[in-house]
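Let us walk through this protein step by step. Keep the sequence and the 3D view side by side as you read.

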Amino acid sequence: MSRVRPAAGGGRAVEVDPERLTGWFSRFAGRHGGVTTTSVSPHEWVATAADGTTASVITAFGEFTRTAQRQDAGLVLEPLLSNALAPRRLGLLLVRLGGHGVGVTVNGRVLESTTDSHQVHGRSKAGGWSQQRFARRREGQARVALRAAADDAARFLVPRLGELDAVVLGGDRQALDALRADRRLAAVFALASPRVLDVPDPRRAVLDEAALRARAVEIVVRPPAAALLPDAADLAGLADPTTVATGRAAPASSPSLPSSPSSDRTTPTDRDQPDRLPENS
């Protein structure tokens with residue numbers, strides 16, 4: 001089943017295996033009245049449905065086309081499939097304070113890897129000197145953990161960079177930013193894909209899952225732009241300001257009729273749900 005999460009700027013981001021893209025877009029077209037146009041540029045591919053819903057992909061590796069942006073009628077999957085299905089040898093660098101994992105993967109299978117775990121205490125709620133001592137201890141543990149992650153990345157990934165098509169990052173962004181400051185890893189981050197995988201403390205099983213997700217295509221599905229905007233009456237200032245801000249009418253002001261906690265609930269329709277693969281597909 002596809003992984004689904006909220007996307008920045010609205011809509012949903014769906015991770016789909018390359019082999020399932022054709023079926024996923026067939027179902028997307030069926031749910032939204034068909035695909036009317038496909039826009040392709042070197043780094044972005046966008047399908048626009050008849051109802052205005054869009055499904056867009058930012059390339060994680062390489063380019064969709066070497067020519068300028070073009071727009072075709074209907075659903076044109078060839079540039080997306082060619083890019084997604086291309087065989088690649090990828091490096092993995094997953095870092096959190098609780099552990100790190102480094103590996104090399106081909107077509108979703110980890111060929112070689114190393115992982116390590118670290119003890120970094122959580123934050124203390126105590127005050128005074130105890131809190132300060134605890135904070136200093138935690139900072140020391142974090143430094144040791146990040147130094148170990150940088151050492152393993154330098155030892156394991158740097159000598160293999162010449163045989164890699166890209167590096168996929170994952171874990172805690174602050175921890176990764178700390179590793180960026182290590183000069184030994186400049187070439188590793190220069191080869192890194194812009195996408196960062198959200199992963200728990202890396203163990204071998206987490207590394208295996210990350211290898212599969214590294215080659216998955218992230219599709220951002222957004223509803224029609226009109227669905228995100230207030231209507232003309234709202235824009236003209238004819239509606240109550242509460243309605244413009246929330247999309248719902250303001251509750252009645254009568255003190256004798258308190259609003260019910262369930263009065264603002266709405267029942268989502270199928271179209272409100274993110275486009276996802278059936279579990280058996």
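A49 sits in strand β4 (residues 44-49). Strands here are DSSP runs of E with at least two residues, helices are DSSP runs of H or I with at least four, and both are numbered from the N terminus. This is a predicted model, in which local features need pLDDT of at least 70 and side-chain atom pairs count only at pLDDT 80 or more, while totals for chains, interfaces and linings use all residues. Residues are numbered from 1 along each chain as its sequence is written, and side-chain values use heavy atoms, with hydrogens and water left out.

Is A49 buried or exposed? A49 is buried, with a relative accessible area of 3%. Buried means under 20% relative accessible area, exposed means over 50%, and partly exposed lies in between (1.4 Å probe, protein chains only). Which residues does A49 touch? Leaving out residues up to four places away in sequence, they are F28, H32, G34, V35 and T36. A contact means heavy atoms within 4.5 Å. Now look at P223. A49 and P223 are 174 residues apart in sequence, yet their C-alpha atoms are 9.7 Å apart in space.

Step back to the whole protein. It has 8 helices and 12 strands. Of its 281 residues, 38% are buried. Take the contacts between residues at least 6 apart in sequence: 62% of these join residues at least 24 apart.

Next, the strand pairs. Two strands pair if DSSP finds at least two bridges between them. Strand β2 (residues 12-16) and β12 run antiparallel, joined by 5 bridges. In this pair, V16 stands opposite V217 in β12. β5 also runs antiparallel to β12, with 3 bridges. Here A55 stands opposite V221 in β12.

Another pair is a hairpin. β8 and strand β9 (residues 109-117) are antiparallel, with 8 bridges. H100 stands opposite D116 in β9. The hairpin has 2 residues between its strands. N107 lies in that loop between β8 and β9. Its phi is near 50°, a positive value in a residue other than glycine. Most residues other than glycine have a negative phi. N107 counts as partly exposed because its relative accessibility is 45%.

Now go inside. In soluble globular proteins, nonpolar side chains tend to be buried together. A nonpolar core is a set of buried Ala, Val, Leu, Ile, Met, Phe, Trp, Tyr and Cys residues joined through side-chain atoms within 4.5 Å. The largest such core has 23 residues, and L93, V95, L169, L179 and L185 touch the most other members. β7 (89-96), β8 (99-106), α3 (128-156), β10 (166-171), α4 (173-180), α5 (186-190) and β11 each supply at least two residues of this core. α3 gives the most, with 6 residues. What does L179 contact? Leaving aside neighbours within four places in sequence, L179 is in contact with L93, V95, L146, A149, A150, L185 and F189. Apart from this core lies another, of 22 residues, including L21, A29, A84 and V217.

A 1 Å grid is laid over the protein atoms alone: a cavity is a set of points where a 1.4 Å probe fits but cannot get out, a pocket is an open set with protein on both sides within 12 Å along at least five of seven lines, and lining residues have an atom within 4 Å of a point. Grid points are joined across faces, edges and corners, and a volume is the space filled by probe spheres set on the points.

The largest pocket holds about 620 Å³ of space. Its lining has 36 residues, of which I58, A60, R195, A216 and E218 lie nearest its centre. β5 (54-58), α2 (78-84), β11, α6 and β12 (217-222) each give two or more residues to this lining.

How many cavities of 30 Å³ or more are there? The count is 1. The largest cavity contains about 30 Å³ of space. A60, F61, V168, S193, R195, L197, R213 and A214 line this cavity. β11 (192-197) and α6 (204-215) each supply at least two residues of the lining, and β11 gives the most, with 3.
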